[in-house]
Amino acid sequence: MLPLGQNLTSVTNSPHTYDTQFKPPPLPTPPPELAYEVKLLATLETSKEAMRRYKKLMGPYAQSYHASNVRSKTLGLHKKAEQQQQAERELFQCLKTVPDVYFRADFDIKDKDFFSQLSERKDKMVLQDKLSYYLDLVEVNLLKQICLRSSSVFAALQTIQKLHTDVAAACRQIKSIRQNIQRLHTHLVASVANVLRAKRRNVNVRVLKEKIELISTVVCAHSTVQVLLSTADFANALSLITQTKRILQSDLEGVACVANISHKLDQQAILIEKLVTTDFTHLALCQNNLKEVASEDLKGFETKIDKETSRQMSQLAANALKMGKMTQMVSSLGTAVNKFVRQAIKDFLNYTLDKMDNEDMQKEQNNVTDEKGSGSKEWKTRVKELEHGKFLRLLALFFPLMIRILQRLANIEQTLQDVPKIISRQEAESLGEEKGDVKMSEDLEQAMGKYQKILSSTGEFIHGRASQLLLTRKANFKFLNLTELRGVFDVTDRFITQSGKLCKQKFWGLLGTLKDLTKRFLEAFHSKNLTHLNASLEAELWKQADVPGEFQDLIDSGFKRKMQSLMRREGDRKISRVIFFAVPVHEQNGAQSGFLKFALVSSTLILLKMISRYIECASQLKVVGSDILNKLVQLLQLFNSKSCGLVLGAAAIQTAGLSKINVSHLALVSQSLGLVISQIPVVRSALKSHLPSKHFVLLDNFNNVKEDYKQHQREIFNKLVQIIEGQRYYQKEDLNPSPSHLVEVNF
């Protein structure tokens, strides 16, 4: 039977049909005489002897058959090779005979140029015969080439048929394998896959359930935060917001139904920040009625923070620290503190000044008129018009109030420093562990630095207002006495010291103002003393004066006792007066060797009293000790220069109305100068104890003053020598001169 896709013509034309479809002829039948032998060989057992016998019998036939096949194949190959060579020669001859133009790839009989070349021939019949010859020659050679190569074409066709058969068998096997796999999948794999699918679906359902529960929790968190805010439970509200946002950013990231909840939570966090700042500021400043602060006991403003308030403030600060808004909260607190202090000072001044005005009105029995008049004035004008006693009372109330405010602010700083301990204790309680080392976070360090700046700026502002309060009465300071000035100085200096300790900073503004006002007082005090001493010297008659005993005690004490304390002794007994002023003389080893007695005039006693007052000022007002020293040097220089002009310059004749300057005048001046010279070291030592070490160099000015006094004494001594020389001259002329010439000399 023929294979599929073949017909009889192709089979008969194929050179391989005989080899494949038709079996070769069988071997020739052996002759009858060998039939028995062959049958016998078939029944014998196979052995070498049987094989040799079979070879001997069948060998000639086999060799004849093999030689016939080899010969036929060899003849066929030689014949085929000859045919191929003949075909090649004929093809070469054909290609040589037919022009090349007919073999061109672009050959076209319709081509104009080629057709014109063919049309030029005159004998058309010859041309047609030649073209027919060319065509027949090409067709014959083409058929021969096809005939020679037909075996290869049929071999390829046979190969394709075999491949078609193999592919069909492979497809049938694949189909069978797929059917087997399908049956295996149905009976073995599908059931197991359903178990795994069910397990995976169970896991997915569990995860979905957890997601839905988280969504429900997040949705409920918004309302829960509002409830916590209504109860002022900021810590739990902040913790809930933080946890909810963490869930939204991790587990529920990308879930559309809860996308807007994060924005709402941010708004609630901002609201919590504002509430925390407001509540912390309210608890920190304790904003009660500041008008009650002006009372004498100053109980209207609490400086200490009780435990409950401290706990609430620490919790609020811890919440702000957790939000990372600690620095912003402290900044808001600083703004509130500035506003609070300004309002506190304003309310205090208004209330205190009104209270003082009401006291005056009760005395004058004219309440309505005075109240309207005082209320229309500014506080600076009202402070300027106060009596000094009321002004000192105002300062005594103002400074303690400011100290209480600064103490409150300092306690707030201590509360802020306790925040890390509270946070650490809360974390330890939540974890059930012991509390470890507490470290201050960077945000808290910045907040503490910010608050320290707020405390310093508040102290500077209070000092500035105190300076304004003092400067409103700067014109009155020159009319104060030392006791009144000392009262203002003490209360102000005590405030500067206390506020510096509370703010942990030194403030120089108020101290500079106090020093300037003290210098203003010193200038007025010194100018008054210079005027008084100058007037006393000009009116001096240069007669010996009685010395009260308190001056002798003043010298004996080394100017360490006040003149007021020298006026009384035991039993209120007045100190007796003395004629000569006794000054002890000490040797180099410190032992007293005797006394120097000085006859003094009243101006010298006034000078001693002034020196005592200057030393007392130096002891009371150490901040201007160097200025007092310079003023005292000027006072001593005035006494020296003025006494020199009045006596040696004879100006006392015109100022005091003296008729002439005599020897007794010169002697009294010399005695007064000697007393001052003896007391300059004492004055120097007394002032040295009230000066800082850096100002000790100024004490050398007393050496210059001492030299000036000694020079003055030498000039007086020279004048006395001149007088004695004149008297000696007179004695040569008159052996009995009048006694008046020895005592009174007009020069």
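Predicted model: local features only at pLDDT ≥ 70, side-chain atom pairs only at ≥ 80, totals over all residues.
**Entry 1: ring pairs.** I count rings of Phe, Tyr and Trp (its six-membered ring) as a pair if their centres lie within 6.5 Å, and I call planes under 30 degrees apart stacked, over 60 edge-to-face and the rest tilted. I number residues from 1 along each chain as its sequence is written, and my side-chain values use heavy atoms, with hydrogens and water left out.

Searching the whole structure, I found six aromatic pairs. In one of them, the ring centres of Tyr 133 and Tyr 134 are 6.1 Å apart with the planes at 50°, so I noted this pair as tilted. For burial I use relative accessible area, with buried under 20%, exposed over 50% and partly exposed in between (1.4 Å probe, protein chains only). Tyr 133 is partly exposed at 46%, whereas Tyr 134 is buried at 12%.

The rings of Phe 399 and Phe 495 have centres 4.5 Å apart and planes at 15°, so this pair is stacked. Phe 399 belongs to helix H13 (residues 388–417) and Phe 495 to helix H16 (residues 482–503), so the pair ties together parts 96 residues apart in sequence. My helices are DSSP runs of H or I with at least four residues, numbered from the N terminus.

**Entry 2: charges over rings.** I required NZ of Lys or CZ of Arg within 6 Å of the ring centre and within 35 degrees of the ring normal. The charged end of Arg 473 sits over the ring of Phe 391, at 4.7 Å from its centre, and Lys 688 lies over the face of Phe 696, at 5.2 Å from the ring centre.

**Entry 3: the nonpolar core.** I define a nonpolar core as a set of buried Ala, Val, Leu, Ile, Met, Phe, Trp, Tyr and Cys residues joined through side-chain atoms within 4.5 Å. The largest one has 145 residues, of which Phe 280 and Phe 702 touch the most other members. Helix H13 gives the most to this core, with 15 residues. Taking contact as heavy atoms within 4.5 Å, and leaving aside neighbours within four places in sequence, I listed the partners of Phe 280, among them Met 313, Leu 316, Ile 412 and Leu 416.

**Entry 4: single residues.** Is Ser 672 buried or exposed? I found Ser 672 buried, at 1% relative accessibility, in helix H22 (residues 663–688). Beyond four places in sequence, Ser 672 is in contact with Ala 599, Leu 600, Val 601, Thr 604 and Phe 639.

Gln 145, in helix H6 (residues 124–230), is also buried, at 12%. Not counting residues up to four places away in sequence, Gln 145 touches Ala 87, Glu 88 and Leu 91; the C-alpha atoms of Gln 145 and Leu 91 are separated by 8.6 Å, although the two residues are 54 apart along the chain.

**Entry 5: confidence.** I read pLDDT as the predictor's confidence in each residue, from 0 to 100. The protein chain averages 76, and 78% of the residues score at least 70. Confidence is lowest in helix H24 (residues 740–743), at a mean of 44, and highest in helix H20 (residues 625–648), at 90.

Definitions and conventions: Helix = DSSP H or I, 4+ residues; strand = E, 2+ residues; numbered from the N terminus.
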